[in-house]
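Subject: Structure handover

Hello,

Here is the structure we spoke about. My notes on what was found in it follow below.

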Amino acid sequence: MHPLPRSLEPLPGESLVSYMLRLGHRLGLSPLHLIRAAGWIKDGANPNHFPGSLLLDLPSPQIDALAQLTGQTAGEVSALTLAQWRDRYPPIARSLPDLGRLMRPDAWLYVGSPRFCPSCLAGDGTRVQQLHGGPWLKLWHMPIIFACTEHRTYLEAECPHCGQPHDTQGPLLQRANDHTLHPAQCRWTVNTAAPRRKSFACAGRLDHLTASARDQPQPTADIIRFQKYLRDRLESRTRTTDTSEYFTDLRLATALINATWPHSRDLLDADTAERIDANSRKMQDSPSRRNNQQVHDTPPRDPIACGALLMAADHLLSRDDLPDLISDLTRAAFGSPSSRTPWAVLYDRHKSDCSERLRQVAEPVTRTFPQVSGGRRGTRGPLRSGYQPEHIPAFLEPDWYQRYLARCAGSEVKSVRRAAAVRLVQWAKGGTYGDAAEFLGIAPVQTHLLTGRETRRSAWTRCNPLEVDNALRALASELQARRQPPIDYRRRRQALHEWVLSIDSWEALLNELPSVRTQTRTRTDDRKRQDASVFIWTLITRGEHLFAPRPLEAAQPTEIQQEWAARRNTAWFQFSRPDPLRHYTDLRRLLTNYAQRLARDIDSGAGQTINISTFGNHPQ
């Protein structure tokens with residue numbers, strides 16, 4: 001590879017495309033000719049394609065090749081891409097090709113159609129910029145850059161002559177093989193209705209302010225300050241993670257305003273609201289986007305609307321009442337908070353990149369949890385580390401429920417106690433909702449009891465989710481701060497796995513019943529022994545009788561199993577009713593005493609080595 005006879009110094013902040021345009025204009029060569037000369041087009045690739053990935057980052061061999069061709073340093077060539085911001089601005093990393101996958105530009109990158117400042121394209125008056133134009137800045141490829149702070153004007157979104165790009169993501173460079181155009185001329189193709197006539201470029205000058213551009217509103221001092229603030233975020237020396245999380249939060253806040261429109265209209269001034277309204281109608285009118293989630297996740301191309309929307313999103317993020325505001329907006333727009341609302345779907349897509357504050361705020365209205373770093377796909381990360389998951393019973397302790405959640409539950413006591421226990425485990429342990437349920441001893445085939453119709457009508461949807469969430473957090477804080485040794489409910493569940501009262505223990509208990517022979521029509525068979533075992537299991541594990549082991553029932557023939565299963569609720573009612581019959585009053589007292597002794601043995605550690613028969617013959 002031989003160096004070019006003449007070259008050009010890159011301008012500060014210039015993009016790779018801009019440099020290729022200006023260098024090619026100086027040499028009378030097309031940009032495509034230059035990348036071919038650099039050896040960037042591999043065998044088998046489209047010989048007329050200017051890959052969009054070149055804007056994002058360049059492999060070392062390509063950097064070295066262009067540096068040798070143009071006489072620049074490797075650092076100068078690398079600086080023409082967006083790579084310096086990939087750790088601060090997540091859409092850059094999200095757009096990079098991976099494992100042979102073609103580049104798919106993120107909605108928050110204008111890869112092939114950046115906005116522009118005509119005054120910047122006109123140059124700074126030096127001879128080289130008079131001849132070849134000023135730079136197309138890398139920053140213009142980012143929707144977060146909507147105004148030129150140097151010339152204190154909004155960027156232009158489209159060519160004033162042909163009206164393109166019409167909100168589309170085109171190739172990185174239009175008409176890459178055309179060497180006749182000035183770098184500041186529009187390269188979008190103008191279609192002609194004449195048959196067999198070749199298409200031609202618009203060729204309108206973009207470095208001249210048109211009359212319509214002069215009539216456009218100018219950015220206010222607040223908008224300019226906000227634009228400088230966003231640029232400083234990119235360039236600052238703060239932790240890259242803080243900057244990355246901020247831009248993800250800003251994206252999600254913007255999507256929230258879009259997804260809940262027009263209920264979020266009050267967050268914007270009247271003029272901006274009209275622009276957002278028009279943009280929303282245009283996006284919805286597009287057949288390809290009408291039902292597309294990307295509609296809510298695409299910032300307006302109109303720089304005036306975009307700037308105001310981003311500033312409104314920034315203000316929203318700084319509000320102290322953000323939890324209530326998100327809840328109110330989602331309720332107004334979608335009827336109730338849910339993991340299936342458009343914004344919740346978008347949040348789920350980006351939650352691993354947002355800040356902890358936004359995750360805590362979004363959690364009660366989306367019912368999702370952050371991903372574990374490096375964990376398997378679909379797993380969630382723990383939110384708490386104080387109490388341990390084994391300290392949570394499968395059916396929330398009645399005392400905990402009464403003190404924290406009763407006012408939120410209404411008539412949905414069971415639903416709230418079930419879901420609250422699962423959520424507390426999920427906070428402490430991480431994993432999916434099903435993972436937490438399984439940890440509590442709820443088999444996957446039984447999970448429908450947690451997600452069925454009764455639960456869907458529960459406090460998570462009928463009550464204010466923030467109220468429920470705050471109540472649970474208060475309970476979690478108490479669990480973290482308690483001083484007495486907590487109960488290991490998991491150990492108890494494991495010790496009583498497939499447990500049942502032995503025949504000898506059952507007979508001994510029955511013998512202690514007063515005047516058992518004088519009580520009429522009371523069953524003392526295996527079905528009742530199973531029911532008594534379930535009652536003891538619920539006392540020790542604080543689990544729900546529906547999820548208790550039933551080994552005696554499982555050993556019966558199918559027709560007997562069906563008969564016993566049909567009687568479960570009736571039997572449980574007799575054991576748990578507030579005013580039981582005399583027989584059940586006496587039996588419940590004996591079973592409760594038995595359960596207390598057995599629980600002490602398990603908690604002391606004996607339960608890990610005692611087998612079923614030993615438990616069944618527990619000393620009276």
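The model is a predicted one.

Overall make-up

The protein has 31 helices and 4 strands. Of its 620 residues, 51% count as buried. Among contacts between residues at least 6 apart in sequence, 69% join residues that are at least 24 apart.

Backbone points

Alanine 203 sits in the loop between strand S4 (200-201) and helix H9 (211-215). Its phi is positive, at about 65 degrees, although the residue is not a glycine. Alanine 203 is partly exposed, with 27% relative accessibility. Arginine 175 also has a positive phi, near 45 degrees. The loop that holds arginine 175 runs between strand S2 (153-154) and strand S3 (189-190), and the residue is partly exposed at 25% relative accessibility.

There is a cis peptide bond between tryptophan 261 and proline 262, with omega at about 10 degrees. Proline 262 belongs to the loop between H11 and helix H12 (270-285). As background, most residues other than glycine have a negative phi, and most peptide bonds are trans.

Another loop, between helix H19 (433-439) and helix H20 (448-451), contains glycine 441. Glycine 441 is partly exposed, with a relative accessible area of 39%. Glycine 441 and proline 549 are 108 residues apart in sequence, while their C-alpha atoms are 9.7 Å apart in space.

Nonpolar cores

The largest nonpolar core has 100 residues, and those with the most contacts inside it are Trp40, Trp140, Met142, Ile144 and Trp343. Helix H13 (residues 303-318) gives the most to this core, namely 10 residues. A second, separate core has 29 residues, among them Ala394, Val422, Ala437 and Ile442. In soluble globular proteins, nonpolar side chains tend to be buried together.

What does tryptophan 343 touch, leaving aside its neighbours within four places in sequence? The residues in contact with tryptophan 343 are Leu252, Ala255, Leu256, Ala259, Ile326, Ala362, Val365 and Thr366. Tryptophan 343 is one of the buried residues of helix H15 (residues 342-350), along with Pro342, Ala344, Leu346, Tyr347 and His350. The buried residues of H15 pack against H6, H11, helix H14 (322-334) and helix H16 (356-366).

Cavities

How many cavities of 30 Å³ or more are there? The count is 5. The largest cavity has a volume of about 330 Å³. Its lining consists of 27 residues, and Gly112, Ser113, Pro114, Trp136 and Trp188 lie nearest the centre. By type, the lining of the largest cavity divides into 17 nonpolar, 7 polar and 3 charged residues.

The second largest cavity holds about 70 Å³ of space. Its lining is made up of Tyr89, Pro90, Pro91, Arg94, Trp108, Ile144, Phe247, Thr248, Arg251, His350 and Asp353. Two of these residues have come up already: Ile144 is among those with the most contacts inside the largest nonpolar core, and His350 is a buried residue of helix H15. Helix H6 (90-95) and helix H11 (240-259) each supply at least two residues of this lining. The lining of the second largest cavity divides into 6 nonpolar, 2 polar and 3 charged residues.

Cysteines

How many disulfides does the model have? The count comes to 0. Cysteine 159 is in no disulfide, and the nearest cysteine sulfur, that of cysteine 202, is 3.8 Å away. A disulfide would need the two sulfur atoms within 2.5 Å. Cysteine 159 is buried, with a relative accessible area of 3%. Cysteine 186 is likewise in no disulfide; the nearest cysteine sulfur belongs to cysteine 162 and is 3.8 Å away. Cysteine 186 is buried too, at 2% relative accessibility.

Regards

Conventions:
Residues numbered from 1 in each chain as written. Predicted model: local features only at pLDDT ≥ 70, side-chain atom pairs only at ≥ 80, totals over all residues. Heavy atoms only, no water. Buried < 20%, exposed > 50% of the residue type's maximum accessible area, 1.4 Å probe, protein only. Core = buried A, V, L, I, M, F, W, Y, C linked by side-chain atoms within 4.5 Å. Contact = heavy atoms within 4.5 Å. 1 Å grid on protein atoms, 1.4 Å probe; cavity = no way out; pocket = protein on both sides within 12 Å on 5 of 7 lines; lining within 4 Å. Points joined across faces, edges and corners; volume = space filled by probe spheres on them. Nonpolar A, V, L, I, M, F, W, Y, C, P; charged D, E, K, R; others polar.
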